[in-house]
Amino acid sequence: EALMIVADADAMLILTGNGDVLEPEEKDGALIAAIGSGGNYALAAARALSSYEADAEIIARKAMQVAADVCVFTNDRVTVETV
């Protein structure tokens with residue numbers, strides 16, 4: 001099933017291949033979304049890091065590193081797009 005995260009300065013949504021539009025759940029004031037084979041690992045790491053780190057890019061990079069270390073289907077080659 002295809003998934004895509006779309007975001008701008010005001011909103012973040014997850015679009016599915018079935019046409020569903022999902023809104024990620026906000027935890028402790030942070031809106032975090034993750035998809036893909038290591039998505040659950042990255043999501044868990046990002047939620048844990050968001051309490052200690054304010055920079056979204058640093059959180060994303062560290063969370064992806066955790067996912068890559070745990071999930072054999074997730075690699076450590078990351079490109080971060082900043083909005």
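**View 1. Strands β1 and β2 pair in the antiparallel sense.** Strand β1 (residues 3-7) runs against strand β2 (residues 12-16) over five bridges. Here, helices (H or I, at least four residues) and strands (E, at least two) are DSSP runs, numbered from the N terminus, and two strands pair if DSSP finds at least two bridges between them. The model is a predicted one, in which local features need pLDDT of at least 70 and side-chain atom pairs count only at pLDDT 80 or more, while totals for chains, interfaces and linings use all residues. Residues are numbered from 1 along each chain as its sequence is written, and side-chain values use heavy atoms, with hydrogens and water left out. To find your way along the pair, look for L3, whose bridge partner in β2 is T16, and for V6, which stands opposite L13 in β2. Four residues lie between β1 and β2, and the two strands form a hairpin.

**View 2. Nine residues make up the largest nonpolar core.** Its members are A30, I32, A42, L43, A45, A46, I59, A63 and A67. Both α1 (39-49) and α2 (56-70) supply at least two residues of this core, and the largest share, four residues, comes from α1. A nonpolar core is a set of buried Ala, Val, Leu, Ile, Met, Phe, Trp, Tyr and Cys residues joined through side-chain atoms within 4.5 Å; buried means under 20% relative accessible area, exposed over 50%, and partly exposed in between (1.4 Å probe, protein chains only). Leaving aside neighbours within four places in sequence, A45 is in contact (heavy atoms within 4.5 Å) with A63 and V66.

**View 3. S51 sits in the loop between α1 and α2.** With a relative accessibility of 53%, S51 counts as exposed. Look for G29 as well: S51 and G29 are 22 residues apart in sequence and 9.5 Å apart in space, C-alpha to C-alpha.

**View 4. I35 lies in the loop between β5 (30-31) and α1.** I35 counts as partly exposed, at 33% relative accessibility.
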